[in-house]
Structure formats: C-alpha cells, structure tokens
Amino acid sequence: MPDPLLLVEDLAVAYDGAVQALRGVALRVDPGSVVAVLGSNGAGKTTLLRAISRSLGDVGGSVTAGRISFAGQDLARRDASWAVRAGLVQVPEGRRIFRDLTVEENLRAGGYTVRDARARREATDRVLDLFPILAERSHQRGGLLSGGQQQMLAMGRALMASPKLLLLDEPSLGLAPQLVEQIGDIIEQIHAQGTSVLLIEQNAAMGLRVADRAYVLEVGAVTAEGASAELAGTDDIRNRYLGVSTTSPTRTTHEDAPVDVPVHLQRTSGARAERLRVEDVTVRFGGITALSGVSFTIEPGTIHALIGPNGAGKSTCINVLGGAYRATSGTVHYGDAEVTALPSHRIADLGVARTFQNISLSLEATVEDNLLVGRHRVMRTGASAQTLRLPHARKEERTERTAVRRIASLLGIEQLLGRAVHTLSYGDRKRVEMGRALAAEPTLLLLDEPVAGMTHGESQVMADVIRAAQQELGLSILLVEHDMPFVMGLAEQITVLDFGKRIAEGPPDHVQRDPEVLRAYLGSAAA
Amino acid sequence: MTYFLTQLANGLSYGLILGLIAVGFVIVFTSTGVLNFAHGSVLLTGAYLVAILHDPIGFWPAVVVGILGAALLGVLINAVLVRNLAEPNPGTAAILMLGVDILLLTELTRRIGNRVLPIGAPWGADVIAIGGVTLPTSRAIAAGVAVVVFALLWYLFARTDTGVAMRAAAADGDTASLMGIRLSRTGATGWALAGALAAIAGVLLASFPAPGVAPTLAISAFAAIPAWVLGGFDSVVGAIVGGLIIGVVTALAVGYEAELHVLGRGLGEVVPYAVMIIVLLVRPSGLFGRKEAVRV
C-alpha cells in the first residue's frame, strides 16, 4: 500500500467543549484517489472536513482526541493558512463565493498563496479550461452567477491553489439533476488530472459514482466503509441513501418514518385552504426577465410542485407568492384576495407561510424561540400583557410552548428545542424553518427546497411529515425541489419552468415522460 | 457668484481631507470589524510627530516619520489590544477604542500643553486666486494629495493581490482563510493603511488656514464620522463621496451663516449631523453601504 495522502486516526471533535460531534473517526485518502463520505444530517460530515482544513475554530469546535496527518505531517499545530500552502484546500458548504468580487477576483483570491507567476498562470489556464463559463463571465460579480455557476466558481477558486487534495463539501447542494451530473463529470476530470478528492455528498448516487472508496458516517462515527461499488450494493446503503428508483411514487415503508402516526396538529381557528390562481405573472429585474407569463392553479388541500433547472425562476415565483417580490404584470389570487396587491405581512395574514432556500432563522436564538416566532400570527395577548406576565398571557405562553413542542416532535427535532440554531447542521435548520412555517398555522405553505442537504432516507421522512401536515391541517402546499424521488412521490400536480416560462404541467408520471422536461431538466438521470 | 465658488472650492478641498479620514474608518471597520473611535488621536499623533520633527530633520522626512509612526501605532493598537479581546464583538471593541482615544489624547495634550505647534509646511500661508476665486495653497495641495492617495487606494484594492485578499477577507473572513489568506495580516494591513491616511489628513488639516497642531485637531476627525456613516459604514467610495458632501455643506453653512442667522450661530458644526440623519432616514444603510439580506 502507498503512503496515505491524508490519514485520520481516532478523531474526536467537540463543540463549545460540550457537544460531541465526532468520535473515533478513522479515514484514509490514498494519493490519486477519490473518497466519498456519506451520512445523514448532523452526522458530522462538515465537522470532519473542517477538522481536516483547520477551520473548526471559526465555529467554536475543537479536536479533543486523535490525529490528522497530511502527506506525513501532523496537522495538530497547523492553521488553515498552512494547510492551503501544503496543498490541502477546502470548498466550503454552500459555495460561499465572494459575491461582491468579480469572477476574476474570486479566482485571484483563491490563488493568493501561489507566489510564482508562472504557476499561477498555469493554474488559471487549467481552471478556465475546466470551467469555460468562468472565462466568459470573468468581469461579472460573483453574486450574479446562477447556483451551478457559483459552484463551479467555488471549485475553480479552490483549484487556483493547485491542491494535492481537494475537499468538497456538498457540491451538488441545491443543483438541478443535469447540473449534478455535470459537477460529477468535472470531479472525475479533476481526479484524472492528478488531484485527489475527499467528497462529502448528500447525493449518494453521484458520490458513489465518482468515488473509489466511501465511508458512511452516522452520529459522529464511521459505520461502514469500503469500495464504492461494494457499498452501493449493500441493502442498507440502497435504502437510506440511494432510494429505489427515481420513478416509483410509493410511500416509504422503513421503520423510523412517522407514517400514519397522528400528530394531532390542531388549528386554533376554522381557516380553510383556498384555491390559488397564478395568472400570467411576469417578473423583470432590470433587463432580465425572471418569469414570463406563468400561470398555474393550486386546488385547495393539494400538493403542487414547481421544478426546473437552476435559474428557471422557481424561487422568484415563490417570492412573488409570499410578497417579497412584486410582479411586473399578471395577478395572483388566493381565494378572493389579490395577493399581488398586498404587502407581505398582509399575505401572511391570509394564511400563507413560507420557508426560504437560503434559510432565514435567528441564529443565536434557540430552536424553541424560533418556532415561537412562527406562532406570532396566532397569539392573542399583547406585548404589555406578556411583559407584565398577566395570568392570561402566562396561560397562553404555556399553550404555545405545548403547540411548539408538538410541531417539533412531528419534525423529529424535539431534542433540539433548547439548542441555539447556529449549532445545528444544515438539514436540521431546514427542519426548524419548516417548523416555524407550520407554527403559523398556514392554509397555504410555500416550501423552497425543503429537503436540500438531506439523505434519501431523511427526505422520505420529510415527505411523510409534509403529507401528515397536509392531511391533518387540510393544507395546500407549493414546493420547489430538485430531489426527484421526493417530488415525484409527493406532488399531485407538477409545473415545470425553464428560462422563466412554463414548459410542462401535469401529474408526476405525465411530466416525467415529457420530452421537453427530459431535455431541459432531468437529463439522463431520469432514464 | 465668486463668493459662492470660493466657498465651494474650500468645501471640496475640506471634503477630500474628510474623505481621507473617513476611508480610514471604513478600512479598519471592514478589515477587523472595529468602530475605531481612537482614529482622531492616531491622526493627532501623526501630525504631532511632523510638528516636532520638521525642525530637526526637515519637513518631508518628518512627514514620512509621521505617516510611518501613525501606521505603526494603528498596527500596535490592533495587535496588542483588539486581537487580544477575550470576547471580540463590535460593542466591546468600540468602547475599548474610546478608552485608547482618551489615553492617547491625554498624553498628547500633556506634551503639547496650550501651545499650537506649527506644522512647518513649505507652502505656508500662500493663497491662490483664479478669476476672483481664492483658495489657500495648502488646500489646493490637500485636494491634489487626496486625489492621488485615492487613486493609489483604488489600484491597491482592484489590482494587487493584497487588496483583493483584503476585500475577500472583509466579505467573508472564514472563507477567505480557507484560501490561505491570513486574517491577522489583512487586519494589520488595514490598521496600517488607516493610520497612514490619518497622518496625511492630520498634516493637511493642521496647515493654513489652521494655525497648527493643537489637541483640538483630534476632534476634527470626528467631523469625518458623519461622512463615514452616510457613505455606508463599509464603502470606501461612500466615504469619499460622504466626505465631499459633508465638506461642501459645512463650508456653505459657514459661508452663508449671516444669511441663515435665523438658524442661529455655529451652524457649521450641526449641519454635518443633520445631513447624516436625513440621508439615513431615506437610505438606512447609507449611500453606498451593503444592504442587509439582498436576496431572500
């Protein structure tokens, strides 16, 4: 066996000296290999990468035991800057490009440690060769790129330092199926050029495709490891991470899902879902048309999905429905009310609640407090009564805390109620956001990528939660999501957008066979 | 008309000096997140060094020492105090800076006493007159120096690795450190730049028509605070534009005080803050400030 490039031995990491995130983790990356780490949310995958790239300190974590060595050197006393210079570069979760810097400047920041002009030129050439789009857009601000392009920029930026080992944290997060394939191809290319890759990936199909070896991380410990092909064949991995196939709209059957468990969500009022009619809505930003003449209808109490490539206008559409953006023309009616004429707090009063693609929670506050904020709409006592702790205010607070607890248990985050949001993993934050939206007792729920960053198993549990909420509260739901098994298993009606236009609409099996949808969105992933 | 143009020219040159000071506030804020209320005494330190050294070593060498001294002082404040805060947050750091300001100012006041030290600039008290519009030579030079300094800053931030690294670190420090950019180094560079800018502004402010270096010079840095705030805390361009606006408005308010006597005397001191408040009412994040949560 060759000497390993990266060797992690018996690693333990804790946050704030208390929360144990990793224990006894062992992992090796040989030179010239691609290694994938799979695992559900909160399993500690990002923590592992941060420990390796020496950036745990930024988030209050520290290595409490074990050893990490890179190219034979112990990393214990090294900082992030040393790691980069030694050839160990991380692409952070959520891309984190510098939005106000141009593409060129982003790349330049990535090559900061390379002092030699020729080496830097070669690195630039290599990056622009891998990602020709970055050359086309080199003078644009990073923030103006689409999600897929931002991921490419983030990877290109890291490659500017010509790493020996590239650490990738969820490169497929929030990307359309076709783009996920493309990113997978690029990782294979980077590998072929001689760079080793350690990849964390929620999209296990992609992860296992590009990796030679894979590790499964569960609750902070490695539970399985082996050659990718071998792992992909085991039942456990197939059930939890790969899903059966993309075309089976069946309900899940595995045991930890709260299927058919009544959760007794109750409404405090008799509000009912109404019909949502989107008619000929167009949205322009400056010269860019984000949505053009889009129409669809959501029948009361049904689940409707909005899918399409990155930049197709899905989030724009949700933002119009929630009142964050104004439609340039066209109307949206919810029942008799014209949503497009109302400010967003009045739309919330109609019973419309939403979650955000980029998650918008109070980071320092606890999960419970974040959920209580969602109850604001249904709470009756005023600020003065609450401050004075009058009897009826205290009674209401007790009822509200019970209601919040019920929602948390539905979402499986009951044990997190007392934790500050900033200590939670991405997927758990998604759950909290969903909980906050549900807490407002909406009649129409707008979900922007509710299962981004979740494994197949977790997204199935989420699907059950959404279905339970829909049935018990009689909700209408509009969801935007790239996870096709999730969408196909849940939605009754699907609208497909591409370049701001509606290109298809219908029930899942109909949309899945639509040649236009296959071309623009699903690619070969659906075949 | 010539009276108006004279006031305008004075206002613009004064505004450019305010811009130099305000840019220092911005750079310290974006590179280390500190509201640097000790900026005024750093400025005074630079000017003081020039005032005491121009006689023995000559004006230009004294200016170099003043600039380097103020830059070094900034770096030391950052390295010794700011970076060692047990719990770094903007509030604590701001109060720490107020403390540093009082300490420095007390020591400098002790040294200067009630004297006014001449700055020893070779342009003295000359005045340029073009078609009836008069401007002190010192102010014309100040404007020229400021423009050159701003051009150099633009080059630094747009064209050099250090500048791009500083902007990356300011935008997202955690991610920048994953690129191997050392935040301790970008922070030190920021403080050094701010110190140097303050020293330059100090020398220009202490020149004619001002009598020289006195402890009150530190207070003049505070006149740049409204410029900094209305430009938007984190924008260099905003700070320059803010400086120009405050400079012109102040000069006009002072120049036309007689006509505006219904508003009372001392209008020039109040007007900058009034402008700042009005701008913030309309644009809460300033003229060029980064808006919070642009995309939902």
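Author: Domain bounds, as used below, come from an automatic or database domain assignment. Residues are numbered from 1 along each chain as its sequence is written, while chains are lettered from A and ligands numbered from 1 in the order in which they are written. The model is predicted, so that local features need pLDDT of at least 70 and side-chain atom pairs count only at pLDDT 80 or more, whereas totals for chains, interfaces and linings use all residues.

Reader: How far apart do the C-alpha centres of domain 1 and domain 2 of chain A lie?
Author: In chain A the assignment gives domain 1 (6-242) and domain 2 (276-522). Between the C-alpha centres of these two domains the distance is 30 Å.

Reader: Which helix gives the most residues to the side of domain 1 of chain A that touches domain 2 of chain A?
Author: The contact, counted where C-beta atoms placed from the backbone lie within 7 Å, takes 24 residues from domain 1 of chain A and 20 residues from domain 2 of chain A. On the domain 1 side, at least two residues each are supplied by helix H6 (147-159), helix H7 (177-192) and helix H10 (235-242) of chain A, where helices (H or I, at least four residues) and strands (E, at least two) are DSSP runs numbered from the N terminus. The most, 4 residues, is given by H10(A).

Reader: How many residues on that side of domain 1 of chain A are charged?
Author: Ala, Val, Leu, Ile, Met, Phe, Trp, Tyr, Cys and Pro count as nonpolar, Asp, Glu, Lys and Arg as charged, and the others, Gly among them, as polar. By these classes, the side of domain 1 of chain A that touches domain 2 of chain A has 10 nonpolar and 11 polar residues, and the charged residues number 3.

Reader: Which strands of the 4-stranded open sheet in chain A stand at the edges?
Author: The strands of this sheet follow the order S2-S1-S4-S5 with antiparallel pairing, two strands being paired if DSSP finds at least two bridges between them. Two of them have a single partner strand each, so one side of each is left without a neighbour in the sheet, and these edge strands of chain A are S2 and S5 (73-74).

Reader: Which residue of S4(A) is the bridge partner of Val13(A)?
Author: Strand S1 (residues 6-15) of chain A pairs with S2 (residues 19-29) of chain A over 7 antiparallel bridges, and Ala14(A) stands opposite Gln20(A) in S2(A). With S4 (residues 61-70) of chain A, S1(A) forms an antiparallel pair over 8 bridges. Leu6(A) stands opposite Phe70(A) in S4(A), and the partner of Val13(A) is Val63(A).

Reader: Which residues have the most contacts inside the largest nonpolar core?
Author: A nonpolar core is a set of buried Ala, Val, Leu, Ile, Met, Phe, Trp, Tyr and Cys residues joined through C-beta atoms within 7 Å, and a residue is buried if 20 or more other C-beta atoms lie within 10 Å of its own, exposed if 12 or fewer, and partly exposed in between, with C-beta atoms placed from the backbone. The largest such core has 171 residues, and those with the most contacts inside it are Ala109(A), Leu199(A) and Ala168(B).

Reader: Is Ile17(B) buried or exposed?
Author: Ile17(B) lies in helix H1 (residues 2-32) of chain B. Beyond four places in sequence it touches Ala142(B), Ala146(B), Ala201(B), Leu204(B) and Leu205(B). With 26 other C-beta atoms within 10 Å, Ile17(B) is buried.

Reader: What is the radius of gyration of chain B?
Author: Chain B has 12 helices and 2 strands. Taken over C-alpha atoms, the radius can be set against the globule rule, 2.2 Å times the number of residues to the power 0.38. The rule gives 19 Å for 296 residues, and chain B comes close to this, so it is as compact as a globular protein of that length, with a radius of gyration of 19 Å.

Reader: Which helix supplies the largest share of the side of chain B that touches chain A?
Author: The contact takes 17 residues from chain B and 24 residues from chain A. Helix H6 (161-171) and helix H7 (173-178) of chain B each supply at least two residues of the chain B side. The largest share, 6 residues, comes from H6(B).

Definitions and conventions:
Two residues are in contact if their C-beta atoms, placed from the backbone, lie within 7 Å.
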